[in-house]
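Good morning, and thank you for making time for this item. I would ask you to keep the structure in view while I go through its helix packing and its nonpolar cores.

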Amino acid sequence: MDEKPGLMAGVTGWLRKNAVHALIEALVNFILPFAIYTYAAPSLGEVKALIASSAPPIVWSLAEFARRRRVDALSVLVLSGIVLSVLAMLGGGGARFLLLREKLVTGAIGLVFLGSALIGKPLVYQLARASMRRKSEVEAEAFEALQIHAAFRRTMMMMTLVWGLGLLADVAVAVVLMFTLSIREYLIVNPIVGYGTMGGLSLWSFWYGRRAKRRGEARRAAALAAQMESPAE
């Protein structure tokens with residue numbers, strides 16, 4: 001069966017529901033920081049301009065955290081990123097090392113993904129369950145019930161590993177860009193790479209999750225059919 005129509009339908013549906021939010025994200029996390037840095041750097045210097053440019057993303061993250069008003073795995077991850085970003089700004093040093101410390105927040109989150117897989121508690125599962133609980137307790141309970149299936153646990157583990165490695169790869173690329181481009185060029189290129197990485201990981205997760213779900217349903221249907229066809233004892 002061709003999976004492309006289903007994938008494209010899912011992407012189209014997501015865009016319809018989240019287009020406005022995505023545009024605001026781009027404004028707050030890309031356009032405003034670049035504009036603030038460009039305007040402030042000549043008078044404040046690179047370091048202070050970078051600190052000023054980080055204000056919109058941090059304020060936006062805090063507002064999103066307050067809007068959800070719920071403490072779960074997703075909220076803790078967001079809040080941890082905010083705290084690490086603030087600590088990075090307070091550490092002092094030059095402009096490039098400030099950028100490096102901020103990017104290490106992504107690296108730390110990537111290591112959390114890998115660590116959760118290492119201890120058998122894949123973070124993708126925790127985040128997906130938290131997201132479902134925001135929408136429906138019934139859906140969340142049905143999702144939790146899938147843990148009895150080994151294939152489901154493998155899927156959650158694989159997705160967690162891919163996200164962890166993907167985030168670390170994003171950090172590695174950013175470090176190279178950081179020391180080969182000017183800071184102004186880096187502020188343009190790095191968000192594109194970062195959003196590209198996140199978009200690629202999200203699309204892969206959507207496709208991989210759908211495929212795993214179809215295969216799981218096919219296995220359960222086959223097992224049920226075999227059970228019904230087997231002669232009674």
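Helices here are DSSP runs of H or I with at least four residues, numbered from the N terminus. Under that convention, Arg 211 belongs to helix H9. Please bear in mind throughout that this is a predicted model. Although Arg 211 and Thr 155 are 56 residues apart along the chain, their C-alpha atoms are separated by 10.0 Å.

I turn now to helix packing. Two packed helices are described by the angle between their axes and the distance between the axes. Consider helix H6, residues 123–135, and helix H8, residues 150–178: their axes come within 7 Å and cross at roughly 105 degrees. H6 and H8 are therefore roughly perpendicular to each other, since that class covers 65 to 115 degrees. On the H6 side the contact involves Leu 123, Val 124 and Tyr 125, and on the H8 side Phe 152, Met 156, Met 159, Thr 160 and Trp 163. Of the residues in this contact of H6 with H8, seven are nonpolar, one is polar and none is charged.

H6 also packs against H5, at an angle of about 105 degrees and with the axes 8 Å apart. H5 and H6 are therefore roughly perpendicular as well. Here Val 112, Phe 113 and Ser 116 of H5 meet Leu 123, Val 124 and Leu 127 of H6. The residues of this contact comprise five nonpolar, one polar and no charged.

In soluble globular proteins, nonpolar side chains tend to be buried together. The largest nonpolar core in this model has 15 residues, and those with the most contacts inside it are Tyr 37, Leu 50, Leu 99, Ile 183, Tyr 186 and Leu 187. At least two residues of this core come from each of H1 (4–44), H2 (46–53), H5 (95–118), H8 and H9 (183–229). Which helix supplies the largest share of this core? That is H5, with four residues.

Tyr 37 deserves a separate word. Setting aside neighbours within four places in sequence, Tyr 37 is in contact with Glu 46, Ala 49, Leu 50, Ser 53, Ile 183, Arg 184 and Leu 187. A second, separate core has 13 residues, among them Val 124, Leu 127, Phe 152 and Trp 163.

How values were computed
Residues numbered from 1 in each chain as written. Predicted model: local features only at pLDDT ≥ 70, side-chain atom pairs only at ≥ 80, totals over all residues. Heavy atoms only, no water. Axes fitted to C-alpha atoms, helices over the stretch in contact; angles between N-to-C directions. Parallel < 35°, antiparallel > 145°, perpendicular 65-115°, else oblique. Contact = heavy atoms within 4.5 Å. Nonpolar A, V, L, I, M, F, W, Y, C, P; charged D, E, K, R; others polar. Core = buried A, V, L, I, M, F, W, Y, C linked by side-chain atoms within 4.5 Å. Buried < 20%, exposed > 50% of the residue type's maximum accessible area, 1.4 Å probe, protein only.
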